[in-house]
Amino acid sequence: MAIWISLGISAILFFYLWAIPRIAVHEMTRMKRSTYDRCLEILEEYGIYTRETFEQMEHEEIQLSSHDRLNLHGRYIEHDPTSNRVVLIVHGYTAALPWSCQFASMFEQKGFNILLVDQRRHGRSDGQHTTFGYHEKYDIQAWIDWIVSRKGEDCVIGLHGQSLGGGTVLEYTAIHRPQVRFIIADCPYSDLTKLMRHQLKKYYLPVRPTLMLMNRLLKQQAGFSMDDVSPIEVIRTCKLPILFIHGKDDVFVPTWMSEDLHAVKPAPSELLLIDHAAHAVSYCKNPKKYEAAVHQFIDKYLAPQQSSSIGQLGPL
C-alpha cells in the first residue's frame, strides 16, 4: 500500500511540477493559430464583416524584416492617398490580420488609411514564439518606420490593438515615435504575471511553484520572462492619449485590468466598458457604441485646441 501511495504522490508531483508548466508555456507562446479563413468565418457569424469585402478590397501586400530578422507581413489599404493619417491595427493572440478588418471602416470615416499586420508567429509572419510585447513592440516600431517612410515625417499615426495587440501597443509606448498621436487598447492585459496568475486560479492550479517554473521555461525557450511584460508600469509616465475598451463579461483577460490601466495612466485617458461582451468581442456586440466612442476620442485628442483632461466616457 505504501508503494502505491508513494507512486500516486510522485505522479501528482510530476503532473504539477513538470507537465503543467510546460503545457502552460506552450499555450502561452505556441497555441494553434487561426487561419485567414477562420477569422473571416467568425466575423461573418457575428454579421459585422464579410469575406467578399475582404477579397475585393484594393490593397498592397507589405513585407519587412523585424529587428531579429523575422519576415513580417502586412496589408496596406490607402483609400485616400491625399490623407497623411494612418492607423495601424494589431490583432490578438492566435488571430490574424483579417480579424482586424472589422475596425477599418470606423477609421476610414475619420480620414485614416489602414495598415493591418500579422503579428510575429501569426498569419503569414514568421516566428516561433509569442512574447506578449517583449519583442512585438519592436515589430510595431518597424511598421511605424514603414508608415513614416511612406507618408512622410508629418504623418499622423494612430494605434489600435486588441488583447495581445492591446498589450503590444501599450508596451510600445516606451519607445514610440513622435508621429504616433493616440492609442486604442481593446481588452489589454495590465501585467503578464497577474494575467497568468488569474488564469491558473481560474483552473484551480497551484500559483506559486507554477509561475516560477513557467518563467524558467519562458527564459529557456522564448528568451523572456513574465516579469519583462508589464504595460501598467510602462504607461505610468505615458503622455499619449489612450482609450481603453473592455467587455464587462471578459473572464479571460478580466475587465479590472483595463480599469487598473485607466486608473494609473496620466491624463489623457478614457475608459469604455461594453455590456454583455466577453473577451475580444466588444465591437461585435455593440459596434455603434464602440464606433461612437472611437470617433469621439479621435475628434477630442487630434484637435490641438482641446484639453487633455482625464475622464470616463459617458453614455453613447
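Helix α6 (residues 136–151) packs against helix α7 (residues 164–172) at an angle of about 75 degrees, and their axes are 8 Å apart. Angles of 65 to 115 degrees count as roughly perpendicular, and α6 and α7 are therefore roughly perpendicular to each other. The model is a predicted one.

The contact between these helices involves Glu136, Lys137, Ile140, Gln141 and Ile144 on the α6 side. On the α7 side, Thr168, Glu171 and Tyr172 meet them.

## The sheet

An open sheet is formed by 8 strands, in the order β1-β2-β4-β3-β5-β6-β7-β8, with mixed pairing. At its edges stand β1 (60–65) and β8 (269–274); each has a single partner strand, so one side of each is left without a neighbour in the sheet. From one strand to the next, the twist averages 20 degrees.

Strand β3 (residues 85–90) and strand β5 (residues 156–162) run parallel and are joined by 6 bridges. Within this pairing, Leu88 has Leu159 in β5 as its bridge partner.

Helix α11 (residues 256–264) packs on the sheet, where it touches β7 (242–247) and β8. The direction of α11 makes about 165 degrees with that of β8. Helix α13 (residues 287–301) also packs on the sheet. The strands touched by α13 are β3, β4, β5, β6 (180–186), β7 and β8, and the direction of α13 makes about 175 degrees with that of β8.

How many of the 6 residues of strand β4 (residues 112–117) are buried? The count is 6 of the 6, so β4 is largely enclosed by the rest of the structure. Phe112, Ile114 and Leu116 point one way from the strand, while Asn113, Leu115 and Val117 point the other way, and all are buried.

β4 pairs with β2 in the antiparallel sense, over 4 bridges. In this part of the sheet, Arg75 stands opposite Leu116 in β4. With β3, β4 runs parallel, and 6 bridges join the two strands. Asn113 in β4 is the bridge partner of Val86.

## Helix α2

In helix α2 (residues 36–46), the buried residues are Tyr36, Cys39, Leu40 and Leu43. Seen down the axis of α2, these buried residues fall within an arc of 95 degrees, so they line one face of the helix.

What covers the buried residues of α2? The cover includes α3 (51–56), β2 (71–77) and α4 (97–100). After α2 comes Gly47, which has a positive phi, near 75 degrees.

## Helix α8

Helix α8 (residues 192–202) has Leu192, Thr193, Leu195, Met196, Gln199 and Leu200 as its buried residues. Around the axis they cover an arc of only 160 degrees, which puts them on the same side of α8.

Following α8 is Tyr204, whose phi is positive, near 60 degrees.

Terms used:
Residues numbered from 1 in each chain as written. Predicted model: local features only at pLDDT ≥ 70, side-chain atom pairs only at ≥ 80, totals over all residues. Heavy atoms only, no water. Buried < 20%, exposed > 50% of the residue type's maximum accessible area, 1.4 Å probe, protein only. Arc of directions from axis to C-beta. Contact = heavy atoms within 4.5 Å. Pairing = 2+ DSSP bridges. Axes fitted to C-alpha atoms, helices over the stretch in contact; angles between N-to-C directions. Parallel < 35°, antiparallel > 145°, perpendicular 65-115°, else oblique.
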